[in-house]
Amino acid sequence: MLARDLAETYPYVSVDADAMDAARLLAGHKLPALLVVDADQRPYAIVPGSQLVKQLVPDYLMEEPLLAAVIDDRHLGEVAEKISGLTVAEWLPKRTYTPPVVGPDAGLLQMAALMARTRSPLVAVIERDGDRITLLGAITAASLMMHLVGEA
């Protein structure tokens, strides 16, 4: 089975989109990762949800984990404040990598190896036509796993 056969429509956001809207998209669709595209609609980043959650946690809780055990929900307002007014590009972790992408003819094991190497729960499927890149869709780890080992 090839990537073109497995690629599904996957919600994405632009680097210029509002970070709060992107967070709501991730949560509302229960997405494993945020797919971010640039101004030309090309994959810019694929960021696992856990890394975006990390971006929401106040720095002092990251530096002092024991404090997180005693703090209560009265401080939840700080979470939303942390990304309020930011673009997606400003919200993303500082260290972003080239998003894992495959062409339409990639096979199952090629996609699996890419996911494993990049530790990404998502691979974007793109098609190149000269300098033009078209996003065809994405393949989640769950979908790929279903095709590798079958359904339960």
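Guide: Let's start with arginine 119, which sits in the loop between α8 (108-118) and β5 (122-129). Helices (H or I, at least four residues) and strands (E, at least two) are DSSP runs, numbered from the N terminus. This is a predicted model, where local features need pLDDT of at least 70, side-chain atom pairs count only at pLDDT 80 or more, and totals for chains, interfaces and linings use all residues. Residues are numbered from 1 along each chain as its sequence is written, and side-chain values use heavy atoms, leaving out hydrogens and water.

Visitor: Why is arginine 119 called exposed?
Guide: Exposed means over 50% relative accessible area, buried means under 20%, and partly exposed is in between (1.4 Å probe, protein chains only). Arginine 119 has 73%, so it counts as exposed. Its phi is near 55°, a positive value in a residue other than glycine.

Visitor: What makes lysine 30 exposed?
Guide: Its relative accessible area is 75%, and the cut-off is over 50%, so lysine 30 is exposed. Lysine 30 is in the loop between α2 and β2, and has a positive phi of about 50° although it is not a glycine.

Visitor: Which residues of helix α3 are buried?
Guide: In α3 (residues 49-56) they are Gly49, Leu52 and Leu56.

Visitor: How do you know that they are on the same side of α3?
Guide: The arc is that of the directions from the helix axis to the C-beta atoms. Here it is only 60°, which puts them on the same side of α3. An α-helix has 3.6 residues a turn, so residues three or four places apart point the same way. Their cover includes α2 (19-28), β2 (33-37) and β3 (43-48).

Visitor: What makes a set of residues a nonpolar core?
Guide: They must be buried Ala, Val, Leu, Ile, Met, Phe, Trp, Tyr and Cys residues, joined through side-chain atoms within 4.5 Å. The largest such core has 26 residues, and Leu34, Val36 and Trp91 have the most contacts inside it. α2 gives the most to this core, with six residues. A second, separate core of 13 residues includes Ala106, Leu108, Met111 and Leu144.

Visitor: Which residues is leucine 34 in contact with?
Guide: Contact means heavy atoms within 4.5 Å. Leaving aside neighbours within four places in sequence, the partners of leucine 34 include Val13, Ala22, Leu52 and Trp91.

Visitor: How many helices and strands are there in the protein chain?
Guide: Nine helices and six strands.
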